[in-house]
Amino acid sequence: EKGYETGEHAPGLKLGGCGAYKAAHHIIKTHAKVWHSYNNTWRREQGGMVGISLTSGWGEPVDPHSQTDRDAAERYIQFHLGWFANPIYRGDYPEVMKNYVGKKSAQQGLGTSRLPTFSVQEKTYIKGTSDFLGIGHFTTRYVLQKNFPFLQVASYHTDHDLAELVDPNWPAPGPKWLYSVPWGFRRLLNFIKTQYGNPLIYVTENGVSETVQCPQLCDEWRIQYLKGYINEILKALNDGVNVKGYTAWSLLDKFEWNKGFSERFGLYHIDFKNKNKPRYPKASVDYYKKIISANGFPNPREVMA
């Protein structure tokens with residue numbers, strides 16, 4: 001979407017209303033081709049797995065008693081996660097996505113939907129092409145219905161007919177888009193379990209960046225973020241969700257899309273101005289080490305001998 005719709009990221013194309021859908025269509029088909037290639041040629045010998053990693057927030061209805069808000073929240077998740085996961089796990093784009101993009105395309109006077117279609121053969125070929133689902137998750141939004149007039153320029157964003165809100169009380173330690181809302185992760189994981197037949201899940205990205213560098217590397221907010229989100233994964237495990245592994249994002253500060261080196265997600269601080277790029281552990285390193293060594297949360301009452 002940022003590469004082919006708004007042009008914010010490489011390759012910087014502004015193909016409003018259709019570019020993101022076309023790019024995603026090719027990604028899904030090529031992913032399936034790679035899975036089949038591995039399955040037919042190397043799986044028997046190597047015994048490996050091929051999956052896909054998808055990043056998605058969670059959408060929570062502003063009013064859970066309002067069917068309109070619940071429908072808008074469903075659209076949020078289907079237009080983000082379902083866009084890719086539904087074809088791979090169920091054989092086609094989500095129905096709500098086909099309906100909404102098709103309806104908007106017709107209002108524009110287009111003969112066909114801006115959302116491409118899979119042939120019957122392609123649906124069969126794509127369905128089931130994931131041995132595990134990688135999930136990147138960072139934040140949550142409240143969602144409600146918002147109608148965009150059809151005369152507006154077509155875009156992926158106006159196709160869903162929804163508005164995203166945040167609670168001003170949610171901690172926002174990093175960039176403007178990333179609020180710490182741990183409970184949304186458990187809901188997302190349970191949604192995956194219900195929608196896609198409880199697939200094997202690896203959390204491939206989960207973390208928070210800082211916009212203001214703390215001189216003592218005392219990233220207490222990152223510790224609280226990791227604690228909250230990992231705790232919700234444990235609750236999801238108790239719910240029966242098949243989460244197999246977790247990766248904090250990220251080990252080191254690094255080049256972050258169009259933000260360059262200014263947005264720091266790392267557990268380790270990197271001095272980019274020094275030609276040797278020395279690394280310094282932030283406070284979160286010690287905390288995360290304890291979680292890894294204990295395979296769980298450290299006991300606050302435990303006294304080190």
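Helices (H or I, at least four residues) and strands (E, at least two) are DSSP runs, numbered from the N terminus. The model you see is predicted, so local features need pLDDT of at least 70 and side-chain atom pairs count only at pLDDT 80 or more, while totals for chains, interfaces and linings use all residues. Residues are numbered from 1 along each chain as its sequence is written, and side-chain values use heavy atoms, leaving out hydrogens and water.

Let's start with L13, in the segment before α1 (19-41). L13 is partly exposed, with a relative accessible area of 36%; the term covers values between buried (under 20%) and exposed (over 50%), with a 1.4 Å probe and protein chains only. Together with Y4 and L15, L13 makes a nonpolar surface patch of about 240 Å².

Now turn to the sheet. Three strands form an open sheet with mixed pairing, in the order β2-β4-β5. Its edge strands, β2 (58-61) and β5 (162-165), each pair on one side only; two strands pair if DSSP finds at least two bridges between them. Neighbouring strands are turned by 40 degrees against each other on average, direction ignored. Strands β2 and β4 (residues 140-145) run parallel and are joined by four bridges, and W58 stands opposite T140 in β4.

Helix α3 (residues 67-90) touches β2, β4 and β5, and its direction makes about 125 degrees with that of β4. Helix α7 (residues 183-195) touches β2 and β4, its direction making about 100 degrees with that of β2. Such angles run from 0 to 180 degrees between N-to-C directions, with axes fitted to C-alpha atoms, for helices over the stretch in contact.

Technical notes:
Patch = residues over 30% accessible without salt bridge, like charges linked within 9 Å, V, L, I, M, F, W, Y side chains within 5 Å. Areas by Shrake-Rupley, 256 points an atom, 1.4 Å probe, with all protein chains shown as cover. Salt bridge = Lys/Arg side-chain N within 4 Å of Asp/Glu carboxyl O. Contact = heavy atoms within 4.5 Å.
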